[in-house]
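Me: Please take a close look at a single part of this model and describe its surroundings in a connected account.

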Amino acid sequence: MIISYVDERDGTTYQLIKIGGLFWSLTNLQYKSEGSICYNNDETVSDLYGRLYDYDSAIKAIPDGFRLPTVDDYRDLYFMDNRGSALGFLLKSEIWPDYPKPINLYGFSALPFGRAIKGENLVFEGLGTKAYFMLDEAMSFSLHSFSMLSILNKNKSIDYYSVRFVKNA
């Protein structure tokens, strides 16, 4: 089941898909909030890939009535059809350079947008080969080439990731 949601703050329309007991955004959050950035600081990529957020900016950017996914939400996706780390193959959009080609079975449409790592200088990495998503409690979820999927259990709140938002179905 797919429904539409219009973010009244900027007029962006998001498609939401029901997977399990949640509605998930089918695209990365695009809301230009304080603290959000674009990959390589290039605003033209946000229409396709959305924006990148650190934890604090992600919490502020989520539309009213939605929330960041939790580790348990992603674990539910992960174990949805008992394929373990191969599930990444089923969540990726067809533009990934993987072989065999991803099939996006659940409509999650993950894009290989990479991330930005804070440090002395901001470092962008993973465009075209990795996807990172912010989770609640400043954790992250990642997809890599060759269909791997993992939940990172250490605090990554200082880095910038894509944001998918959810709400209960």
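Reply: Helices and strands are here DSSP runs, at least four residues long for helices and at least two for strands, numbered from the N terminus. The model is a predicted one. In these terms, Cys38 lies in the loop that runs between strand E3 (22-25) and helix H1 (46-49). Is Cys38 buried or exposed? With a relative accessible area of 2%, Cys38 counts as buried, because the cut-off for that class is under 20%.

The surroundings of Cys38 come next. Leaving aside residues up to four places away in sequence, Cys38 touches Glu43, Val45, Ser46, Arg51 and Phe124. Leu52 is 14 residues from Cys38 along the chain, yet the C-alpha atoms of the two are separated by 5.9 Å.

Asp73 belongs to helix H3 (residues 71-78) and is buried, with a relative accessible area of 9%. The side chain of Asp73 forms a polar contact with that of Arg67, at 2.6 Å. Residues touched by Asp73, again not counting those up to four places away in sequence, are Leu22, Trp24, Arg67 and Val166.

The largest nonpolar core has 20 residues, of which Ile19, Trp24, Tyr74, Leu77, Phe108, Phe133 and Leu143 touch the most other members. At least two residues of this core come from each of strand E2 (13-19), E3, H3, helix H4 (87-91), strand E6 (130-135) and strand E7 (139-144). A separate, second core contains 18 residues, among them Tyr14, Ala58, Ala61 and Tyr161. In soluble globular proteins, nonpolar side chains tend to be buried together.

Terms used. Residues numbered from 1 in each chain as written. Predicted model: local features only at pLDDT ≥ 70, side-chain atom pairs only at ≥ 80, totals over all residues. Heavy atoms only, no water. Buried < 20%, exposed > 50% of the residue type's maximum accessible area, 1.4 Å probe, protein only. Contact = heavy atoms within 4.5 Å. Polar contact = N/O pair within 3.5 Å; in protein donor to acceptor, adjacent residues only side chain to side chain. Core = buried A, V, L, I, M, F, W, Y, C linked by side-chain atoms within 4.5 Å.
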